[in-house]
Amino acid sequence: MGGHANAGYHPLTTETVVQVVAPLNHFADVNQLEIKEIGDGNLNYVFHVVEPATGKSLIVKQALPYAKVVGESWPLTLDRARIESEALRRAAEYVPALVPKVHHTDERLACTVMEDLSDHVILRKGLIQGQVYPKLAEHIATFLAQTLFHTSDFFLSPLDKKEQVRAFINPELCKITEDLVFTDPFFNHETNDFPEALQSSVEALWNDLELKRETAKLKHAFLTRAEALVHGDLHTGSIFVTADSTKVIDPEFAYYGPIAFDIGQFFANLALNYLSHFHHSPDPQQRRTFQEYLLEVIEETWARFKEQFSQLWQTKGQDVYMQVAGVEDDFFERLLEDTIGFAGCEVIRRTIGLAHVADLDSISDEETQLRLKDKALTLGSVLIKQRRQLTRITHLSETIRGVAHA
Ligand code: SR1
Ligand code: MG
């Protein structure tokens with residue numbers, strides 16, 4: 001666990017970041033930079049480097065040898081910085097407009113210098129405020145279809161694909177997901193975190209044998225199904241937006257895994273935001289409109305993803321079986337089922353696991369927060385257990401609507 005082969009590693013400070021950016025010749029005068037540490041995530045330092053005279057800026061993101069959210073008692077590999085940098089570069093081959101530009105990678109310091117996206121906001125924050133992003137579904141569908149298709153066996157030769165699997169082996173970050181998404185929330189584990197008043201609902205979940213059997217299958221898929229280079233942490237905090245721009249950030253959890261995992265995480269975080277608007281949008285009319293918008297994003301993302309992926313399948317597919325009647329339909333059928341199952345796991349872990357979401361946790365009224373967390377547990381459970389019956393994307397939105405308004 002943890003550690004780094006390169007002894008030259010040291011955590012950067014606002015004073016030493018200049019040593020990383022100076023050789024890039026990006027700024028006119030590196031002695032005139034304003035540097036702030038702005039990281040609010042769970043794992044890393046993020047330095048915002050600005051040159052006021054020219055208005056130029058960059059982001060320097062550095063991995064720490066431990067998980068910042070827990071502290072030094074949780075060592076964590078620095079290799080995740082290489083994975084993130086490589087994954088951003090891979091994505092930029094197919095969707096350069098949808099990821100931040102990587103200017104430089106320093107493996108010794110486990111840091112990446114990239115485009116500053118300060119003119120964007122984190123999608124989670126925007127959605128909590130009830131902002132509508134008209135291009136979001138189109139952009140995320142494109143990101144998913146292009147990155148997932150082009151890194152899969154549908155496009156790469158078997159030899160190239162296995163080279164890629166090797167390059168993106170990410171065992172420590174995968175272990176976090178295996179534990180925090182698929183295991184701990186379903187058992188009485190010390191990493192779990194939920195209000196005492198939720199205890200009986202949580203115990204009911206722990207005692208639900210059918211739920212555990214189905215979750216075991218989803219965890220097994222995450223452990224074993226190396227389909228494509230997935231982002232691995234595609235929640236709404238990993239997406240920067242403006243009205244007409246979308247940038248997917250933070251692929252440090254990237255590895256070769258199930259295609260449905262990314263889609264499911266995205267949908268789950270929209271579903272959690274849907275629930276949270278019973279608090280964040282007190283006006284019933286506004287609330288209904290915004291909640292319906294979120295379901296439209298889910299439906300449009302799926303439809304556009306399917307359309308693009310299918311087009312790539314038909315025009316660039318490499319495997320002889322891809323033209324056999326029924327194979328593509330079978331693929332999408334299983335993909336939707338797994339997407340819904342993974343979404344269920346994400347909804348549950350964000351409610352009672354270690355890493356929560358601000359959508360629900362920022363709700364000041366305790367009773368409302370509790371009621372919505374209870375609904376989230378029901379929703380997650382239904383999605384996992386009934387995913388085989390939810391054979392159309394509209395079944396997913398109907399389920400979210402149904403559980404939320406029950
Ligand atoms: C210890 S890391 C907790 C969570 O933060 C990351 O963004 C992942 O979602 C992970 O599960
Ligand atoms: Mg992250």
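Student: What conventions apply here?

Tutor: This is a predicted model, in which local features need pLDDT of at least 70 and side-chain atom pairs count only at pLDDT 80 or more, while totals for chains, interfaces and linings use all residues. Residues are numbered from 1 along each chain as its sequence is written, chains are lettered from A and ligands numbered from 1 in the order in which they are written, and side-chain values use heavy atoms, with hydrogens and water left out.

Student: Which domains does the assignment give?

Tutor: Domain bounds come from an automatic or database domain assignment. Here the chain has domain 1 (17–115) and domain 2 (121–405). Their centres, taken over C-alpha atoms, are 26 Å apart.

Student: How many residues of each domain are in contact, and what area is buried between them?

Tutor: Contact means heavy atoms within 4.5 Å; by that rule 25 residues of domain 1 touch 30 residues of domain 2. Buried area is the accessible area (1.4 Å probe) that two parts lose on being put together, summed over both. For this pair of domains the value is about 2200 Å², with carbon and sulfur atoms giving 67%. On the side of domain 1, R90, Y94 and L98 lose the most area to domain 2, together 29% of what that side buries.

Student: How should I read the charged pairs?

Tutor: Side chains of opposite charge can pair when their charged atoms come close. A salt bridge is a side-chain nitrogen of Lys or Arg within 4 Å of a carboxyl oxygen of Asp or Glu. The whole structure holds 24 salt bridges, and the count between domain 1 and domain 2 is three. K61 pairs with D250, the closest N and O atoms being 2.4 Å apart. E252 forms a salt bridge with R80, where the corresponding distance is 3.3 Å.

Student: Which residues surround ligand 1?

Tutor: A residue is near a molecule if one of its heavy atoms lies within 4 Å of it. Those around ligand 1 include N42, L43, V69, W74, I176, D233, H235, R349 and R350.
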